[in-house]
Structure formats: structure tokens, C-alpha cells
Amino acid sequence: MNNPDNRSPVNNDATNSQAKKPIAMMSWMILLIGLAAIVFAIYSVQNITKEEPIETITREGVVTQIQKLNRLETVAFSVDTVITSQRPGSWMKLWQDEQKGLFIARGRVEAGIDLGALTPEMVQVVQPEINVDEVQEAGANTPVSVMPQINITIPPSEIFSVYLDDIEIYDWQTGAFGMMQVDPKILKQAQSMAKAEVLERACRGDVMTMALENAQTQLQQLFSLTGAVVTVTTQGAGACQMPVK
């Protein structure tokens, strides 16, 4: 005869197994609901207007070319530099709005003097004194110099233009999951800082003095073609700063 008590443990195990299945399914559902809530929270706060400040770090620029120009822009600097521009994330967006970009910029600075700033007082022409008796004694076949003495004082050198020939995105990171869109302000800030770095590197390369000396040489060579005696003096190098538009 079978004992009913011998079947009771088997029934209890089956009951426990059936009870665990809903619990496991509920755990998975809670996990999926939690992940969905996190994703929803990230996207729901994207329209918040408050933004963290963008931090931009520049690296030392390298002068790649120095070119003399036979015009008012008497010197040009070409500079390569590396720019890092980033903005920290905010807790309201679970730090997913953190963005960081690494850029390689190639810029150019042109400097010279503005001949339009010359005034009549800055150009003096001294006519030579001709002695008629000496000319008659020299004879018709002896040339007599009648070219004037020209004294020119050129204005201070100045920066004419600072611009970027190219800016290349080397790397761009947006949060841990990369769900945020690229912020164009990061690139704009990097461009602005790249121009400032290019100008700073040119200033440290003494671009203003080079522009002034090249202008002095060019003017002397130009007027020497006329046969006149030319003296070019300067008022010194100007301020190395971004040109005012």
C-alpha cells in the first residue's frame, strides 16, 4: 500500500518551482522598466536651457612657414596647432551631455604696414641745390645728379588678417553611450581659440618686427629704381593684436 505522506515532498517542490517563475519574470520586467526609465530621463531633459560652460585647451603651435610678400602684407605666418574643446556633463542629463572634441587647426597671420596712413609730414622731398657754374664747368658730356633726397617715415606695423586655412576633427566624444547630438558650439569655440592660438604663436615669433623690417626694405628697393636717394625710417612695431573689423 502506498503511503500518501511519501508524495507530499514532490508536490511541494513542484509548487515552489511554479512560484519562482513569476518572480523571475517580474525581476526581468522591473529591470527593463528601469532601463527604459533611464533612457526616458536622458531624452526628456535634453531641452533644458541651462548648459555647462565649454572648456577649451590649446596646445603649443608650430610655425610651418614664414613667407615674405612684396606688398603691404609684408610677412605671413602659417601655424599648425592642436585644440581640445570640451564641456562637462550635468547631473540633470545623467552626465550624458558631456562632449569633448580634439581638433587640428592650420592658420595664417598676415602683417605689414598701411601706406594709407602716410601723411604729408611723413614724406619729405629735399630738392638738390644745383650750381650753374659747376654745371657749365663740368661740360655737356658729364652727367649731373638732379634727383631729390626723399625721407619717408612709415607707420607702425599691424596685423591685417588672422584666419584658419583648415580645421580637422581628429576625435569627438559625446557621453558614455553617445546618445547626445554633437553640439556645434564646441566646434565654434574651437575655431575661435584656434585663431587666438595662431595669432599668439605669430606674436611670439616677432611677426610685427619682421613686418616692419620687410616693409622698410621693400620701400627702399622700390624708390631706389628712380635713382633718388631714399631714407626710410620707422615709428616702431605696432601692437600684435587681432585686427578690428
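What follows goes from strands to an aromatic pair, then to a surface patch and a disulfide.

Before you click: this is a predicted model, where local features need pLDDT of at least 70 and side-chain atom pairs count only at pLDDT 80 or more, while totals for chains, interfaces and linings use all residues. Residues are numbered from 1 along each chain as its sequence is written, and side-chain values use heavy atoms, leaving out hydrogens and water.

**Stop one: strand β4.** Select residues 99-112, which make up strand β4. Helices (H or I, at least four residues) and strands (E, at least two) are DSSP runs, numbered from the N terminus. Of the 14 residues in β4, 10 are buried; buried means under 20% relative accessible area, exposed over 50%, and partly exposed in between (1.4 Å probe, protein chains only).

(Strands pair if DSSP finds at least two bridges between them.) Pick Ser 85 and you'll find its bridge partner, Gly 101, in β4. Next, bring in strand β7, residues 158-174: β7 also runs antiparallel to β4, joined by 14 bridges. Here, Ala 111 stands opposite Ile 159 of β7.

**Stop two: an aromatic pair.** Rings of Phe, Tyr and Trp (its six-membered ring) pair if their centres lie within 6.5 Å; planes under 30 degrees apart count as stacked, over 60 as edge-to-face and the rest as tilted. That rule gives one aromatic pair. Show Phe 103 and Trp 172: their ring centres are 5.6 Å apart and the planes sit at 85°, so this is an edge-to-face pair. Phe 103 is buried, at 0% relative accessibility.

Helix α1 covers residues 8-44, and Leu 35 is in it. Select Leu 35 along with Trp 28, Leu 31 and Leu 32, and you have a nonpolar surface patch of about 450 Å². Leu 35 itself is partly exposed, at 47% relative accessible area. Patch members have over 30% relative accessible area and no salt bridge, with like charges joined within 9 Å and nonpolar side chains (Val, Leu, Ile, Met, Phe, Trp, Tyr) within 5 Å. A salt bridge puts a side-chain nitrogen of Lys or Arg within 4 Å of a carboxyl oxygen of Asp or Glu, and accessible areas come from the Shrake-Rupley method with a 1.4 Å probe, where for residues only the protein chains shown count as cover.

**Last stop: the disulfide.** There is one disulfide (cysteine sulfur atoms within 2.5 Å). Select Cys 203 and Cys 240, whose sulfur atoms are 1.8 Å apart.
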